[in-house]
Amino acid sequence: MKLTTIYYFLTSSRSFSIHIVFTISAIYYVSVAQLNALELVLIGTILELTVFICEIPTGLFADFFGRKKSFILGTVIIGSAHLLEGSIPEFWAIALASMLWGIGWTFISGSEEAWIADELENQALERVFLKGAQWRSIGSFLGIIMSVVLALFLSVQLAIILAGAFLLLIAIISLCIVPETNYIPVSIKQVSPFSQMKSTLLEGWAQIKQQTTLRSIVWITLFIGLASEGFDRLSGAHFIEGFHLDEEKAIYWFGALFAVAYILNIVLLKWIELYVKKDYARLLGLLNSLLVLCLIGFAYSGNFLLAVLFYWLISALRETNEPLLAVMINTRLPANGRATTLSMFGQVDALGQIAGGPLIGFIALYTSVTHGIAATAIFFLPVVWLSLKMRNKTRHRM
């Protein structure tokens, strides 16, 4: 089996399973577990705090012990988290599952990208990452359909449990089919493990400091993190409470919301792959400018169908940030210590979500969910400015 085929299978199948949960999680949290606005955001904050703490240690694990071991272990942990979450609809169990999910994700974050970059020896990474993002969107789309089917014919709770079981199956399959031939362990002979880890961290930070583009991406990642958590946790509540959807209607509508959003994202990513050549910073700025306008429109639209349209646009636009940044980062990093350096960007994103989530949650709790969602648009404004500034510096050097 081709390396790229394995990579596309890993990223799409995991996205399929995760989006079975993601599609109906808001329904589960609000209608079944009956969490309030602050509890909804706190779940996300717990997850991101866990990511912030674990990103660097798990990145070091991938560099020292292997990328394959890292992302397979992460898949097992995330699957176990969904089994726990679906089994007990209580705040404490969902919070604990969120912590486990964060640990699992940090084992995957950076390690899978580092694995394919190593195996392909940095060849055709732009195409592979953009195509991988398209396959993720296809997996997400199919997961959305499956979530609606499972929720309607079984229950929301059983759908989450089955998604956890699917992830455990993916981990077993990955163990059998994933090769790892170009992995070079990070090691320094006659030096303590602590010194080796410190050296890897310093080298990763030095790589970021030496390149203006990577420094700008650190700040972009931070502001995207600040904005993301509030929208992720409150958009579902905005539809359910703001437009008074009951559980059955919510299942249908949430399926349609996520499905169409991912179709739009697939189309957008395909357009980027075919027609955008190298000028990713400019595109990042333009897409996030549209995102700001759509967030404000979504928050304050009193018309349900118009809010749905804005949600579709927001979701499609947000999903382009990750692959564009992945291309810009990975093409500037050497193979040695790559996973640790990528984990630093994941840690910055987690830091932003830890800070932004509670802030948006308190705004929503003491004003309204509408104002909380609108506040997330403010955090995307620096992303626009930094992206366009980064593009101008690149052009000036050329």
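Buried means under 20% relative accessible area, exposed over 50% and partly exposed in between (1.4 Å probe, protein chains only). This is a predicted model, in which local features need pLDDT of at least 70 and side-chain atom pairs count only at pLDDT 80 or more, while totals for chains, interfaces and linings use all residues. Residues are numbered from 1 along each chain as its sequence is written, and side-chain values use heavy atoms, with hydrogens and water left out.

Start with helix H7, residues 156-177; helices (H or I, at least four residues) are DSSP runs numbered from the N terminus. Select Val156, Ala159, Ile160, Ala163, Gly164, Leu167, Ile170, Ala171 and Ser174, which are buried. Looking down the axis of H7, these buried residues fall within an arc of 145°, so they line one face of the helix; the arc is that of the directions from the helix axis to the C-beta atoms. Next select Ile172, Leu175 and Cys176, exposed residues on the face of H7 turned away from its buried side.

Now select Arg14 and Glu112, whose side chains meet in a salt bridge (2.6 Å, N to O). The pair links distant parts of the chain, with Arg14 in helix H1 (residues 3-32) and Glu112 in helix H5 (residues 111-119), 98 residues apart. A salt bridge is a side-chain nitrogen of Lys or Arg within 4 Å of a carboxyl oxygen of Asp or Glu, and the structure holds one. Arg14 counts as buried at 5% relative accessibility; Glu112 is buried at 4%.

Last, select Leu142 in helix H6. At 43% relative accessibility, Leu142 counts as partly exposed.

Key: Helices (H or I, at least four residues) and strands (E, at least two) are DSSP runs, numbered from the N terminus. The expected span of a helix is 1.5 Å times one less than its number of residues.
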